[in-house]
Structures are given as structure tokens and as C-alpha cells.
Amino acid sequence: MLNTTFLGMELPNPVMIAAGPWNRDGKGLKESLEAGAGAVVTESIVSDTMLDVRPRISCDRLGAENIRMYSDIQVEGWEREMDIAKSAGGVVIASISGHTPSELAYLASKMERFGADAIELSVSNPAAESLEVVASHADILFDMTKEVVSAVSLPVMVKLSQNTTNISKVAKAVKAAGGSGVTAINTVRGILGVDLEKAVPSLSTYGGISGEYIRPLGLASVATIAQTVDIPICGVGGISSAQNALEYLMLGASAVQVGTDVMIQGKDSIRKIVQDLEIWAQNHNVRSLEEIRGKALENLKAFDEMKFEPAVSHANGVPCGENCSLCVNACMYSAISRSGDSISIDRSRCTGCGLCTSICPAKKLKLDL
Amino acid sequence: MNIKQIAEAAGVSVATVSRVLNHPENVAPKTREKIQKIIDEEEYTPNWFAQGLNFKKTRTIGLVLPQNINSANMEVANAVEEVARQKGYITLICNMEKDPRREKEYLDQLITRKVDGLILLYSTLNEEYASWIEDENVPAVLIGETRARDNWDSVFVDCRAGAAEMTAHLIECGHRRIAMLCGKDPEPEAKAMLQGYKNVLKASGIKVEETLIYQVNNNIEGGYIGMKKMIGRLPKRPDAVFASSDEIAYGAMDALKEMKLRVPEDIAVAGFGNDRMSSLMEPKVTTVELPYRKMGIYGARMLFDQIEEKESKAPKRRRAKKIQLQTKIRIRKSCGHRERIGEMF
């Protein structure tokens, strides 16, 4: 039921484990597949391994920040690692990173020879790659994608960055260059926080933020690409449950990747996501992922297409026994008041902004004409 | 002891001993152990040259450097050696001292010694010599821009773009009269850099003054002498000096110090290469990073690709592989910038 075809590859389910240290070698990749991932992406393989800075990862309740996580295994070593990874029988995607088209093409053709099933170009890492990531320039990305596509006969997907002014433009460049798909999004340049006593930021240089912090950015990026470019999309960013995965799928992704959640919770989290996805599909009588892919896009319009309707908030006539006044406090138009157990809305003051409907923990408020 | 005596001592044929050495998996475990024991006891090692003759392989590659006193060249060599070592090869390093005649002599020698492949860093090879190497059917890779052969695998860097980026940066720092101390070698790179420098000046509406361009030897002494001459001859000193290598920049800074001129307050300096020393100088040298390690790694990788292709008797490729690597500007202190905008974050 969850099995799907992505870029011509048969996957048992659409949930992949994203590029990262948890997929740093053949053994790690094999374990990821055995944990139930639909496919796995290697940690980004580079021309020359570099010394890792320490520390390079920091996290809090909502996500993580990292500095440059690239493979510490040289290209030569990946021949062996790829063999080990492939021995599990699943789909292994090689993530490669570099700075010029010829460099990337070389790495891609090596990975093809070593047995990778697809290539993911990772040229959007915000950490230690200067202020402008390569993937923010459509023309550079075009040249890189084109050279890689002509060097291999594998599907080539390109991991995009939210650090760009127009993600649709870069996705179009990937398609025009012959890329088979895009992955959206990579981590977003950020700083998790500052230790006030020591005046020290979370990490000693700017990092890439992942996890829940970036899910809304990822969802919007995927939706934007889906609405503007006809290219298969793999959604990434803050997925830690089947619900999150479904959100991406409904906004147009054909597959998804999980990274930070695997990093924090371990690979078992994948098993749970896939199981819950299965259960959800059964409960909703979904026989194929195609039935839900992009379904929410129908309800996502351009601003110009939105209708101006005089909707206002209603308390549904239900008495509110909640011991909170969240809606009262949040109403910027002073339209909501409470007396005892009942909430009343002054319809002449309500401007229909909708904030109360999402802030109410009991979902008692509704916008209506 | 030689292989015959080992065979006699073990009561087996020479071929069996040879198999133990080269394909132990094809020898019965008992026999293998017996022979290996004798080999170990006698501390026998196979004759390396004889082995080379037999397998038509010496597991040796030749690396010809323009000069080995230069730390950048050694970084390239180090990376080549690292890949070769992983592949089970040793690297013979020859230093041609920027002398084309000596380069040819070394190539002759290396080919005579039956190396399995050649890597030439900033080669001065001419057309005729290049075709001789082709006729010898020795896999070869060039590191650096070539003047002769377009049909050779090569790794190179877009020096024109790197020089253009640095010139633009110096202009952004507020400098107008920007001099160039341009090394005489490696020639194709030096020419490209000069072109990049001139292009940006022109595009920025700054007149290219030939009196501000000095051709110097590509080393510390060259930079020192060039800088002294330039300051001595010009009625008004330039705002900034762009050196085509970090070594030239070090020499120039040394001369400026002697002349009691401060860097960057009196005159800004920028280098090219990002040698290890560049960030240890005072002030730290703004420069363009050349990916020395990657140049070496790719040179070696492409060579072993060729060697493996040759062994596998795959149909010969028609198109040469060209890998272009990226330069990256490293903004430090010697350029006199006031804002951190271009710095690596």
C-alpha cells in the first residue's frame, strides 16, 4: 500500500533516511534500510575529507543546529562501503557535495560505478560554505546539474535550499538541466540560541538549523515547487511523525526524508513513522499514495485568488468549561469576553482574523459567514 | 635467499612459491603455511624489479614537481602520495627546478624505470615531448593548465576568475592604483591571472598602467626585488599590490617593512594561493585559496582511473577528463578592508 515509485526506483515506502552522519558508512546505511526506511541517502561525500570541528552539533526541544556534516570516508573507501550498504538489498542514494560541475560529475560517476541507485547533489549546506549557498543561484545550479546528468545514467536529484529568493526558479533550473527530481529543503542558516552567562552562541560559527523549526519552511517550499514546476519532490525538514510525512505528501511531495528525528531518537523512529503511515492509510481507505499526493494543494491558492468574505468567529453556542482565557487574551480586536462558563463574541468587533480558532485548545471556535 | 632456494628448501616448484606470494588463495593451506614459514624465517622479499618485469607493473608512479622547496607544491605531492598509498603504490618525486630540460630528463628516467603512470605539476612539456609520452602508452595526468595538450586528463583551477575576484575586492576596499607583481611561472596561470586583473580594472573604469605591472621570479626573492624596484621607480606609490603567489606577497611585505611602509595602512597587499604561512604573517595575508590538496587528490584519482582502465582493456576513451576546481577568496587583514562582508562565515 505504501510502496511507490520515485524517480523510477521502486521503494517499499516513501520514507527515506536523509543524508547525515547516521548514514556515514555501509554499516549505517544497511541499518537504516533494515529499520524500514524506503531508501537511504549517504552522508554527503566530498572530494577530500576534512577535519571535523568540535563541537559541531547542538540541539534543543525543537530541533538542532549543525556545522558542516560531510563524510569522513574518502571516495576510494566508498567502493567498499557502498557494497556493504547494498548488501541489504534496498535503494541507496549517494549524496555528493562539491564546488564545480566537473568535480561533482566526477564524484557522481564514481558513485555510479560503486553501485549507487541515484545521486543527490547537496550544494545547499549553509554551514561553512559562505553566505551565499551555491543552490541559491539558478544558473550555477543549472551548470552543475547538467554536467552531473550527462556523466551518469542514474536519476539525479538536487537538494535545494530555503536560503534563496525564489525556490521555484532554482527548481526550474534543475528540471531544465535534466535533473530527475528535487529534495527540499536543506538545513537553514541559523543560531539556536545564546548562553547568556557566558555570552556564547550555541555553536562557534553559524550553523544549519533542522527539525521542527524548519518544517513550516519545508512545507511551503515543497508546495511552491509543486505548484510551479512539474518535477518529483522529496520533502525534508522537521518530519518526526506520520502526520508530518503526510503533510509533505499532501503538499505535493512524492517521498520524504527524515534526518534530525533519526539523529535524536535513533533509527527506530523510522519504523514507527512507517507503521503509523500504514495505519493512517488503512483507516482512511487509501490504497495508493497517488490518491493523496498534492491533495492539499487544491486548497492552497495564490493570494490574488482569495475571496474576501465577511466571516466572523462563532462560539458554536457551546458553553466553554475550559479553564483558560486564551481566546480572550489573544483577541486583538477585543471582541471576545467571558462570563462564567460562557464565551461571547461581539460580532460587530470581530474582523474574522481566525486567531481564536487555532488558539482554542478545545477547537470550540469557528469562522462562519 | 632467492625464490629458487626457497622452493628447494620447501620441496616445491618456483611457481608454487610465486603463487604464495601473489595469489595465496590458490595454494592449499598446508603448503601455503609451510612455504610462508620458510619465507618468514629467511626474511625473503621478492625482487621488486623482477616482479615489475613479470607483471608489467612496478606499482610506482612518477610525480614531477616544478620545485620542491615550495610548500604549495609539497601539499599537492602529499595528497598524490596519500591516494597512491591507499592504492598500494609508491610515489617517486622528481624536482625539475622549473627547468624544462630537467623535466624531460626526469620523464625519460621515469619511463625507463617503467613507472605505471605519471603526474606532472605545472608541466612545461611541449607538443613534441607530449606525443612521445603518448606513444610510450604511459597513463599520465597534468595538474595545472596545459600549454600543449588538450587531449590529456587534467586538473586545473580558473586562475583568471580568482585574480579577477581579488582585483575586484581590492577595488571594493577603496584602492584605485593597484599594482601587480606577476610571477613568470607557471606561465599559463600567470597569463590568465594578469588577464583577470586587467579585465576587472577596465570594467571598473580604472586605467591599466603598464608601469604598475612587474614580472618577477615566482618566489620570495622575486617579490622582494620587484617591490623594491617598484617603490624606487614610481614617483607615487600604488595603493595596493596584488601578488600572483603568496611567496611573492611575503617578499613584497618584507621589502615594504624594510622601507618603513606599513601594510595595509600605507600600501595594501594581496597574495594568491593561501599557503599555510599566509595566515601566520603579520598582518595576515588576504589571498585566494588554491585547492592544493584537491588538485593532488584529483590528479592521482584520475591517474589511477587511467591505470585501471588500461588494465581492464576497456575501449580507450576519446574524450579527456577535465576537472576544474574552485578558488575561494580569503579576506584577512593585509588588504585593508573595513567591512567584513566578503569574509567566510
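The model on screen is predicted.

**Stop 1: chain A.** Select residues 4-299 of chain A, which form domain 1. Then select 307-367, which form domain 2. The C-alpha centres of these two domains of chain A are 41 Å apart.

**Stop 2: where chain B touches chain A.** Show both chains. Here 13 residues of chain A are in contact with 14 residues of chain B. Stay on the chain B side. Select α5 (71-86), α12 (292-312) and β11 (322-325) of chain B, the elements that each give two or more residues to this side. Which element gives the most? It is α12(B), with five residues. Now colour this side of chain B by class: seven residues are nonpolar, three polar and four charged.

**Stop 3: a helix pair in chain B.** Select α8 (residues 159-172) and α9 (residues 187-203) of chain B. Their axes lie 7 Å apart, and the helices pack at an angle of about 40 degrees. By the opening rule, α8(B) and α9(B) are therefore oblique to each other. Turn the view along the pair: α8(B) crosses α9(B) in a right-handed sense.

**Stop 4: the residues between them.** Show side chains. On α8(B), pick residues including B:Cys159, B:Ala164 and B:Ala168. On α9(B), the residues they meet as a group include B:Met193, B:Tyr197 and B:Leu201. The contact of α8(B) with α9(B) holds 10 nonpolar, four polar and two charged residues.

Conventions. Residues are numbered from 1 along each chain as its sequence is written. Chains are lettered from A and ligands numbered from 1 in the order in which they are written. This is a predicted model: local features need pLDDT of at least 70, side-chain atom pairs count only at pLDDT 80 or more; totals for chains, interfaces and linings use all residues. Domain bounds come from an automatic or database domain assignment. Two residues are in contact if their C-beta atoms, placed from the backbone, lie within 7 Å. Helices (H or I, at least four residues) and strands (E, at least two) are DSSP runs, numbered from the N terminus. Ala, Val, Leu, Ile, Met, Phe, Trp, Tyr, Cys and Pro count as nonpolar, Asp, Glu, Lys and Arg as charged, and the others, Gly among them, as polar. Axes are lines fitted to C-alpha atoms, for helices over the stretch in contact, and angles run from 0 to 180 degrees between N-to-C directions. Angles under 35 degrees count as roughly parallel, over 145 as roughly antiparallel, 65 to 115 as roughly perpendicular and the rest as oblique. A crossing is left-handed if the near helix is turned anticlockwise from the far one by less than a right angle, and right-handed if clockwise.
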